[in-house]
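Try each task before you read its solution.

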Amino acid sequence: MINVFYYYYYLFYTKVLPDNQPHSTVVFTLSFSLSLIINGFINVIFAYLANYNILYYIMVGIFVAIMVVNYLVFYRTRKGKRLVEEKTKFFNNHRLSIFLTLLFFLITTSFLFWGPIYIKYILNAR
Amino acid sequence: MQKLAAHQHICLVRLPQDKGGAGWEAYVGAAASTASEMYYSKTFGTWMGKNFKMYKQTWGGNSVTGGKNKFGKTTSNAIKWGGRVLGAWNEYSILQDYADGEMGTGWMMAEQGTNAVSIFGGIYGAAWGVGWELGRAITTLDAYQEFKFNFWYNRMENAIGPPSPLNVRYVV
């Protein structure tokens with residue numbers, strides 16, 4: 001699944017918003033999207049169970065850890081370049097892949113807006 | 001005397017809205033985006049050497065410039081990554097500020113939106129971020145705040161007259 005997202009993020013940064021170094025940009029943006037989901041879950045769980053808001057440098061640490069892992073997996077091993085050559089897709093369907101990548105992007109990015117409000121609501125309600 | 005009293009009244013209303021600006025990370029991130037594009041840009045077809053001079057992408061450089069790829073591209077990437085990490089740092093620090101009650105919901109949404117554009121928007125996002133931070137830098141200047149106060153004060157005075165117990169509700 002992540003492989004397809006990688007390929008479609010790559011297409012975005014080569015065809016829609018061309019970048020000098022699309023692979024490194026994809027590693028960064030994909031890691032950031034993933035970190036939003038993971039940090040969001042951890043934040044909500046801690047708010048519910050411990051009435052605690054995670055410190056932001058821990059969230060940044062999680063993001064950096066994800067980025068290092070993605071760098072090692074996709075960049076250092078050249079897996080990212082292979083994925084681009086293979087044109088990885090969901091069920092070999094271009095439109096479905098675009099739709100699911102867009103959905104993934106919107107869901108993860110939306111956390112930036114509703115996440116803080118929801119977490120504050122949990123913390124205030126307890 | 002009346003003018004001073006009105007000024008104090010307006011300040012009391014205005015101060016809470018002044019809270020919620022981003023920290024140094026946002027400014028450094030915006031500066032990094034600009035510097036990165038200056039050192040190496042396929043979009044503009046330019047790169048900058050060790051001697052701080054700009055060259056076209058068609059020339060590879062020499063020992064004086066440090067080389068297009070060896071110096072320009074490497075420096076650009078290093079700065080770009082620094083700016084990116086700072087952008088993410090700023091994004092998460094806003095979550096903390098909001099949770100701590102140091103920032104209102106509307107301002108948090110605006111900051112998160114502009115950070116999302118900066119992070120995902122490539123060169124255009126970087127430009128957006130730079131513009132946003134320049135706007136913030138201007139609006140936090142005392143001179144700008146004084147100009148804004150005088151502008152609205154004169155407008156209100158022309159519309160409803162000098163401050164008095166009869167029209168004080170307009171100030172709020």
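Two residues are in contact if their C-beta atoms, placed from the backbone, lie within 7 Å. Keep in mind that this is a predicted model.

**Exercise 1. Find what A:Ile66 touches, leaving out residues up to four places away in sequence, and say whether A:Ile66 is buried or exposed.**

Step 1. Start by placing the residue: A:Ile66 is found in helix H3 of chain A, which covers residues 56-76.

Step 2. Apply the contact rule and skip residues up to four places away in sequence; that leaves A:Ser31, A:Leu34, A:Ser35 and A:Ile38 as the residues A:Ile66 touches.

Step 3. Now count neighbours. A residue is buried if 20 or more other C-beta atoms lie within 10 Å of its own. A:Ile66 has 20 C-beta neighbours inside 10 Å, so it counts as buried.

Step 4. For a bit of scale, go to A:Arg126: it sits 60 residues from A:Ile66 in sequence, and the C-alpha to C-alpha distance between them is 31 Å.

**Exercise 2. Work out how helices H1 and H4 of chain A are arranged where they meet.**

Step 1. Take H1(A), residues 2-16, and H4(A), residues 79-86: their axes come within 9 Å and cross at roughly 80°.

Step 2. Angles of 65 to 115 degrees count as roughly perpendicular. H1(A) is therefore roughly perpendicular to H4(A).

Step 3. List who meets whom. From H1(A) you get A:Asn3, A:Tyr6, A:Tyr7 and A:Tyr10, and from H4(A) come A:Gly80, A:Leu83 and A:Val84.

Step 4. Sort that contact by class: 5 residues are nonpolar, 2 are polar and none is charged.

**Exercise 3. Trace the open sheet in chain B.**

Step 1. Read off the order of its 3 strands, S1-S2-S3, with antiparallel pairing.

Step 2. Look for the edges. Those are S1 (40-41) and S3 (54-56) of chain B, each of which pairs on one side only.

Step 3. Check one pair: S2(B), residues 46-48, and S3(B) run antiparallel over 3 bridges. In S3(B), B:Lys56 is the bridge partner of B:Thr46.

**Exercise 4. Describe the side of chain B that touches chain A.**

Step 1. Count the residues in the contact: 24 come from chain B and 23 from chain A.

Step 2. On the chain B side, the elements giving two or more residues are S1, H3 (68-99), H4 (105-120) and H5 (122-139).

Step 3. Pick the top contributor, which is H3(B) with 11 residues.

Step 4. Finish with the classes on that side of chain B: 13 nonpolar, 8 polar and 3 charged.

Technical notes
Residues numbered from 1 in each chain as written. Chains lettered and ligands numbered in written order. Predicted model: local features only at pLDDT ≥ 70, side-chain atom pairs only at ≥ 80, totals over all residues. Axes fitted to C-alpha atoms, helices over the stretch in contact; angles between N-to-C directions. Helix = DSSP H or I, 4+ residues; strand = E, 2+ residues; numbered from the N terminus. Parallel < 35°, antiparallel > 145°, perpendicular 65-115°, else oblique. Nonpolar A, V, L, I, M, F, W, Y, C, P; charged D, E, K, R; others polar. Pairing = 2+ DSSP bridges. Buried ≥ 20, exposed ≤ 12 C-beta atoms within 10 Å, placed from the backbone.
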